2 protein chains.
Amino acid sequence: MTMSDKFGPYQKLLKRAHQIALVSTACETLNWDLETSMPSKALDFRAEQLAHFGGMKHRSFTAKSTGEWISACEQHGFETDSLEAANVREWRRLYGRATKIPPSLVEKFERTRAHARAAWREARKKSEFKIFRPYFEKLVDLNRRRADSWGFAETPYDALLAEFEPGARTAQVKTLFAELRTELVPLLTAASERSAAIPKDILQGNYPIATQQRLNHKIAEAIGFDFQAGRIDTTTHPFCTTLGPFDNRLTTRYNEQDFTQSLYGILHEVGHGLYEQGLPAEHFGTPLGTAASLGLHESQSRLWENHVGRDPAFWDRWHPVACDHFPELKRLTPPQLAAAVNRVSPSFIRVEADQVTYDLHIIVRFEIEVRLIQGELAVRDVPGFWNEEFEKMLGLKVTDDSQGCLQDIHWSLGDMGYFPTYTLGNLNAAQLMHQAKLDDPNLNKDLAAGKYDSLLKWLRDKVHRHGLRYLPQDLIQQTTGKPTGVANHVDYLRQKFAAV
Amino acid sequence: MTMSDKFGPYQKLLKRAHQIALVSTACETLNWDLETSMPSKALDFRAEQLAHFGGMKHRSFTAKSTGEWISACEQHGFETDSLEAANVREWRRLYGRATKIPPSLVEKFERTRAHARAAWREARKKSEFKIFRPYFEKLVDLNRRRADSWGFAETPYDALLAEFEPGARTAQVKTLFAELRTELVPLLTAASERSAAIPKDILQGNYPIATQQRLNHKIAEAIGFDFQAGRIDTTTHPFCTTLGPFDNRLTTRYNEQDFTQSLYGILHEVGHGLYEQGLPAEHFGTPLGTAASLGLHESQSRLWENHVGRDPAFWDRWHPVACDHFPELKRLTPPQLAAAVNRVSPSFIRVEADQVTYDLHIIVRFEIEVRLIQGELAVRDVPGFWNEEFEKMLGLKVTDDSQGCLQDIHWSLGDMGYFPTYTLGNLNAAQLMHQAKLDDPNLNKDLAAGKYDSLLKWLRDKVHRHGLRYLPQDLIQQTTGKPTGVANHVDYLRQKFAAV
């Protein structure tokens, strides 16, 4: 059976998915505009508009007919590994999740999120956890109820994880993270010692934003980002969003004293963007045209940001170009530049963390989330737990919750099960990169020469073009011959940061 | 009867209008993004999205229930001059226009426009009228059929005019334009002679775009544009659009050799923007929250651009500020700057025309449109007619249709009845400004001092806050004591450009 199979209910699902995509990309456009351009007084109307279209999408997807068409497709008997079967599998999963939650719970969750976000902002500003606490308690409770509605195999946190990482299980993640923690803590000591020789302010200079933009554009283009199907703008919180099959928008922020902040921000977002630009446009709006999971998405951003962009070879290639843009960089050699962007040092803030400490930041969040959802930790004890675990892993004493458990927006959005995908992304990135180098013996040479298309082609072939045809773990297994594990990531870090 | 009258069908109309506004402002956002930001490959999907939402809006407004609710409101007996009665009057008119045209005609018109636009671009590029001619013929024919469907009092062109200028009649416009032409032609000779002393390149210099933007922002803000409820961006074709009750977007283009092009572009668009920002937000999406007509809209842009911005007092006020931004301007005195932006000289292109010749450009278009629709002129004879009339009025021989009848996009969009609103705008601007000065004897002094709020307050009170409560001609009559006429405009031009 192929796409030419014109089975009626399947065609109807395709049409509905397409219409929902027209509406949801309009929402993405309204959101993108909200973040990049919208004047402040326009917020209320915009929020109402987004709620209006959100309701429209939800009603359309959860209509009884959607469920009937999915059932008809399931009985139709598409071949197991056909494109159609993959779409039907994912529609069933998504339809189940969307219809199993009672509308009253959805509404309560949305309302609580809105209030929680405002409370969190104030709490972080004043560094007073108790301002956020009652909202956080409600959100934990609502997330437990969501998990109960969705159902789960082993533990309610599984149901939350599945929102971001289809098929993932809490127990597996726990095992991976425990292994990783055991490896990272001693590695951190060694790496920090080596980094101590690199002055913290070695990159400090005067880098005009317009020049940074020119350099970033050049590098993003060299890596393969298609500017006829995407663009880069400025926002306080960088993000990547897709407004249509040929319309991917990235954002970054600029620091006039340190050009690498925006450059690595762009390399990261370009990684996301290349995945989106590599999804099959003909399947846009269906699972086949959608990224497989956040953990795979993050693998792409981390791969380009770290495995390509923070490799010493990257600066051998780009040092002269960077010097053309910023003559003051001539004071540094390429290896010095590479060392500067690979400085390892424990710090409080996750988004500023180096490659060695980053996952430790994630692990503390994951451990808290699982305990909260399983009822093994009370919300009021989160700051204490955070600070204790943080000190154990990173050796730093948190004295200020705004530098600790209040730093991220995610919990105030009600997102639980999201954080672990960041570390899954790191693990997948290392594993994919390891495999790419095995598959293509010339890869290192190509990358050193600034030829990025062989790597991109490999990723397109192994990851991008499949969309959600395979569950993320199946895709990793078939591409790398093993499930997501810590070995390649730890080897990579050890070799890079602690090799003698 | 007041807004607290909770008459059911009226409330239902308000709700429907609000929902349509949520969709149509989303379309405006998608269009704004298309013009300012969208990457080129995204066009097809965006066009489909716009068509999808356009259909959604149309189906919602033309639903049978809309008509039933309007009828119920008409029978309910809202007081003649109540707010409700004004909304019901306009809804009836719009519902009539939207439902009287058969869907097949709408579709044909849309399809022809799409093709005509591409043909026109090619025709203009090659300056070959015959490439555009078959499409123009179809559009004229389709416009006649639209007029027949809508119905009209005297002549089919009335029905087309009504799309942009509710209540206007072809006969009145004809009379006004004939009077105006009689006055302008001799005035042009005198004004051109006076302008001959001003070197054409007197403003030529080097004006960095970022500095132009800073100056424009300062002046737009001084005039009263609220940047918390609006913003300015860059496009090839400047426009003004409204994305919500507190979200007005202006665009302009920049010429690095002449800063006045973007400045007067902004003053013009800010005039539109102030009207939009002055509409009552609580009526957004209903006729009461909508500008009365294009002719009134253009009166606001022309008033700020010309009556304020091209007044010599404007440069007495802003010359020092402009010199802070562009030190090379110190070579000119304020009167020299004012003279430079008021140089009168016949030229081929409407959008570059000075205040004296501008209306002559419009008159030739109007005379052609009326003749085309009345069947008194064949499309194939348009270039000949254009060139002949143009030479009679402006003394210039058109040798190239791309500088003549192919220069504007409007006909390729199928818009006929649109052009005359530009000149109605000029007439209304002069008439409103004349009245404002009668009503407020301090106005000239305030404007000279750079205090623009008394003029803005007057316009808010007399024009903006009413939305479409009154038909444009009724609003002009009650504000200025007379219908739109040529006297104030001609007096103003004569005094400015031909006084001894």
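Helix α10 of chain B, residues 259-278, lies across β1, β2 and β3 of chain B and runs at about 165° to β3(B). The model is a predicted one, so let us walk through it with that in mind.

**The sheet in chain B**

Three strands of chain B form an open sheet in the order β1-β3-β2, with mixed pairing. Because β1 and β2 of chain B stand at the edges and each has a single partner strand, one side of each is left without a neighbour in the sheet. On average, neighbouring strands here are turned by 25° against each other, direction ignored. β1(B) and β3(B), the latter spanning residues 247-252, run parallel and are joined by 5 bridges. Along this pairing, B:Thr234 stands opposite B:Thr252 in β3(B). α1(B) also packs on the sheet, where it touches β1, β2 and β3 of chain B, and its direction makes about 135° with that of β2(B).

**Where the chains meet**

The contact between the chains draws 27 residues from chain B and 27 residues from chain A. On the chain B side, the elements that give two or more residues are α1 (8-36), α2 (43-61), β1 (230-234) and β2 (240-244). Among these, α1(B) gives the most, with 6 residues. The make-up of the side of chain B that touches chain A is tabulated here by class.

| Class | Residues on the chain B side |
|---|---|
| Nonpolar | 12 residues |
| Polar | 9 residues |

How are the two copies related?

**A helix pair in chain A**

Over in chain A, helix α9 (residues 209-223) and helix α12 (residues 312-325) pack at an angle of about 155°, their axes 10 Å apart. α9(A) and α12(A) are therefore roughly antiparallel to each other, and α9(A) passes α12(A) in a right-handed crossing. Which residues make the contact? From α9(A) come A:Thr211, A:Arg214, A:Leu215, A:Lys218 and A:Ile219, while α12(A) brings A:Trp318, A:Val321, A:Ala322 and A:His325. By class, this contact has 5 nonpolar, 2 polar and 2 charged residues.

Definitions and conventions:
Residues are numbered from 1 along each chain as its sequence is written. Chains are lettered from A and ligands numbered from 1 in the order in which they are written. This is a predicted model: local features need pLDDT of at least 70, side-chain atom pairs count only at pLDDT 80 or more; totals for chains, interfaces and linings use all residues. Two residues are in contact if their C-beta atoms, placed from the backbone, lie within 7 Å. Helices (H or I, at least four residues) and strands (E, at least two) are DSSP runs, numbered from the N terminus. Ala, Val, Leu, Ile, Met, Phe, Trp, Tyr, Cys and Pro count as nonpolar, Asp, Glu, Lys and Arg as charged, and the others, Gly among them, as polar. Two strands pair if DSSP finds at least two bridges between them. Axes are lines fitted to C-alpha atoms, for helices over the stretch in contact, and angles run from 0 to 180 degrees between N-to-C directions. Angles under 35 degrees count as roughly parallel, over 145 as roughly antiparallel, 65 to 115 as roughly perpendicular and the rest as oblique. A crossing is left-handed if the near helix is turned anticlockwise from the far one by less than a right angle, and right-handed if clockwise.
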